[in-house]
Amino acid sequence: MSWLAKHYLRQWQGYIELSSELTEWDRKAATVFFNALKLVDEADVKLLSDKYVTHIKRRVISQQYGKPFSAEPGTDKAMADLYGIEPYEYRQRRVEAEARLETQIKGITDVYNEKQIAKLPEFNLKMGKLYLKSYEPSFLGIIRDEVVFTLDPSKAKIFKQGDEVAAEFMRSLNLEKCEVDRNSVGMSLIVDFK
């Protein structure tokens, strides 16, 4: 299911028409969307623009902008009739085009997120859904056997940019950086590496 691509596609016309009024968030989203569109085939762009820009059912007024921003696309049946093909064939083409677009959107977003995470002045370390909570360094600065993890990001240890211990955890335990989040609730887990 390509819900992410559909979200961007429904706002396509708004990104264009309100380009000078977009919030910073919408401007970044539009940049991701249009860069992703450049990476898919022209046939996919044509198919998607027909459904989400040219042959829409109606426009939806944005409370933020007070103007039409997103669009409710035409039905697959109406689009199939327009293309002179069976609805199931049109639906298959559309779903495949949306999936290819979503792959590009995710790729661009992942690169952007990695760059942002690398610049964080403060960060947590995590492994899957577990966040590093605490550890005991030895007198040589080497990490001891016991490391405590938590499911609650708000209880995770906060590291500063350039922290050598964080770099060692990332290397030795394959932990990854993530943004500090103090709003979630979870539980702790002690892991013994003996």
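A salt bridge here is a side-chain nitrogen of Lys or Arg within 4 Å of a carboxyl oxygen of Asp or Glu. By that criterion, the whole structure has 16 salt bridges.

## Basis

This is a predicted model: local features need pLDDT of at least 70, side-chain atom pairs count only at pLDDT 80 or more, and totals for chains, interfaces and linings use all residues. Residues are numbered from 1 along each chain as its sequence is written, and side-chain values use heavy atoms, with hydrogens and water left out.

Helices (H or I, at least four residues) and strands (E, at least two) are DSSP runs, numbered from the N terminus. Buried means under 20% relative accessible area, exposed over 50%, and partly exposed in between (1.4 Å probe, protein chains only).

## Nonpolar cores

A nonpolar core is a set of buried Ala, Val, Leu, Ile, Met, Phe, Trp, Tyr and Cys residues joined through side-chain atoms within 4.5 Å. The largest one has 27 residues. Tyr 8, Leu 9, Tyr 15, Phe 33, Leu 101 and Ile 105 have the most contacts inside it. Helix 1 (3-10), helix 2 (12-17), helix 3 (24-38), helix 4 (42-54), helix 5 (76-83) and helix 6 (87-118) each supply at least two residues of this core. Helix 3 gives the most, with six residues.

Contact means heavy atoms within 4.5 Å. Leaving aside neighbours within four places in sequence, Phe 33 contacts Tyr 8, Leu 9, Trp 12, Tyr 15 and Leu 101. A second, separate core has 11 residues, including Phe 149, Phe 159, Ala 166 and Phe 169.

Val 32 sits in helix 3. It is buried, at 14% relative accessible area. Not counting residues up to four places away in sequence, Val 32 touches Tyr 8, Ile 105, Ile 108 and Thr 109. The C-alpha atoms of Val 32 and Lys 106 are 9.1 Å apart, across 74 residues of chain.

The expected span of a helix is 1.5 Å times one less than its number of residues. For the 32 residues of helix 6 that gives 46 Å, and the end C-alpha atoms are 46 Å apart, which agrees. Tyr 90, Arg 94, Ala 97, Glu 98, Leu 101, Glu 102 and Ile 105 are buried in helix 6. The buried residues of helix 6 pack against helix 1, helix 3, helix 4 and helix 5.

## Strand pairing

Two strands pair if DSSP finds at least two bridges between them. Strand 3 (residues 122-127) runs antiparallel to strand 6 (residues 159-160), joined by two bridges. Glu 122 stands opposite Lys 160 there. Strand 3 also pairs antiparallel with strand 7 (residues 176-178), over three bridges. Leu 125 has Lys 177 as its bridge partner.

Strand 4 (residues 130-137) pairs antiparallel with strand 3 over two bridges. Lys 126 is partnered by Tyr 131. Two residues lie between the strands of this hairpin, and Gly 128 takes a positive phi near 65°.

## Salt bridges

Arg 59 and Glu 17 meet at 3.0 Å, N to O. Arg 59 lies in strand 1 (residues 56-61) and Glu 17 in helix 2, so the pair ties together parts 42 residues apart in sequence. Arg 59 is partly exposed at 22% relative accessibility. Glu 17 is partly exposed at 44%.

Arg 94 and Asp 76 meet at 2.8 Å, N to O. Arg 94 lies in helix 6 and Asp 76 in helix 5, so this pair ties together parts 18 residues apart in sequence. Arg 94 is buried at 7% relative accessibility, and Asp 76 is buried at 12%. Salt bridges that share partners join Lys 51, Asp 76, Arg 91, Arg 94 and Glu 98 into one network.
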